[in-house]
Amino acid sequence: KYSILYFHANCYIWIHPMVKNILQKKTDCLKIVIYGPESSGKTTLAKSLAAIYSTSWVSEYARDYLQEKWDKKKEVCNLNDLSLIVRGQIKLENEAIRSAKKFVFCDTNILVTKIWAETHFDGYCPPEIEKYSKIFQYDYYFLTAIDVPWQSDDLRDRPNNREEMFESFKKLLEVKKLPYTVLKGTVKERINKAKIVLNELRPNK
């Protein structure tokens, strides 16, 4: 309905605010975030764990949204996209919760968007993203290590900064004092470690 004008990096940016009805659906299921830098195996892990626990997983809204933008305009993500991405991600999450059992596995969340903004725009994150990053709640994080081969595509842009990005993701979890486990190794090794944690969080699968 309206936009907010922000001044950043010597330019004016119009950002559509996230309206008040962008709410996170409540659930008795535990929300598990598969969290980490690009090309670190998040989607594979989210799909695999959802299959093991016969539940739903939440795909990454930004990937489809930004791929379509690239295909049509050859343009990459900018600040104006971020609120739309968060809104789209929460919509997918709320839909997945309807069919979830015990767990719902999220292949990203708002903290990923926050880190992306800060690492791509000189530490800046739009106020709406900051606000909702403090409101949205998740139960546990699996931080995916960068010990898997880099896979290039149209959207991934930092093959030479993987360690730096990993540390940014880890630091935010520690600053916010959020519970997490680092997953590394082969897919099987990651899944086995994740299962130990999940079965402790929710015994008797």
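How many salt bridges does the structure hold? The structure holds 6 of them, a salt bridge being a side-chain nitrogen of Lys or Arg within 4 Å of a carboxyl oxygen of Asp or Glu. The model is predicted: local features need pLDDT of at least 70, side-chain atom pairs count only at pLDDT 80 or more, and totals for chains, interfaces and linings use all residues. Residues are numbered from 1 along each chain as its sequence is written, and side-chain values use heavy atoms, with hydrogens and water left out.

**The whole chain**

Begin with a cartoon view, in which 7 helices and 7 strands can be traced. Helices (H or I, at least four residues) and strands (E, at least two) are DSSP runs, numbered from the N terminus. Their order from the N terminus is β-β-β-α-β-α-α-β-α-α-β-α-β-α. Of the contacts (heavy atoms within 4.5 Å) between residues at least 6 apart in sequence, 76% join residues at least 24 apart.

Of the 205 residues, 44% are buried. Buried means under 20% relative accessible area, exposed over 50%, and partly exposed in between (1.4 Å probe, protein chains only).

**The nonpolar cores**

Select Tyr35, Phe136, Tyr138, Tyr141 and Phe169, which touch the most other members of the largest nonpolar core, a set of 38 residues. A nonpolar core is a set of buried Ala, Val, Leu, Ile, Met, Phe, Trp, Tyr and Cys residues joined through side-chain atoms within 4.5 Å. Elements giving two or more residues to this core include strand 3 (30-35), helix 2 (61-73), helix 4 (110-120) and helix 6 (162-175). Helix 3 gives the most, with 7 residues.

Centre the view on Phe136. Leaving aside residues up to four places away in sequence, Phe136 touches Ile22, Gln24, Val86, Ile90 and Ile110. Then move to a second, separate core of 17 residues, where Ala46, Tyr53, Ile191 and Ala194 are among the members.

**Cysteines**

Select Cys106, which is buried because its relative accessibility is 0%, and Cys125, which is buried at 7%. With a disulfide taken as a pair of cysteine sulfur atoms within 2.5 Å, the count is 0.

**Salt bridges**

Side chains of opposite charge can pair when their charged atoms come close.

- Lys72 and Glu68: the closest N and O atoms are 2.7 Å apart. Both residues lie in helix 2, and a spacing of 4 residues places them about one helical turn apart. Lys72 is exposed at 64% relative accessibility, whereas Glu68 is partly exposed at 43%.
- Lys69 and Asp81: here the closest N and O atoms are 2.6 Å apart. This pair links distant parts of the chain, from helix 2 to helix 3, across 12 residues. Lys69 is buried at 10%, and Asp81 is buried at 5%.
- Lys114 and Glu118: the closest N and O atoms are 2.7 Å apart. The two residues are 4 apart in helix 4, and therefore about one helical turn apart. Lys114 is buried at 7%, while Glu118 is partly exposed at 26%.
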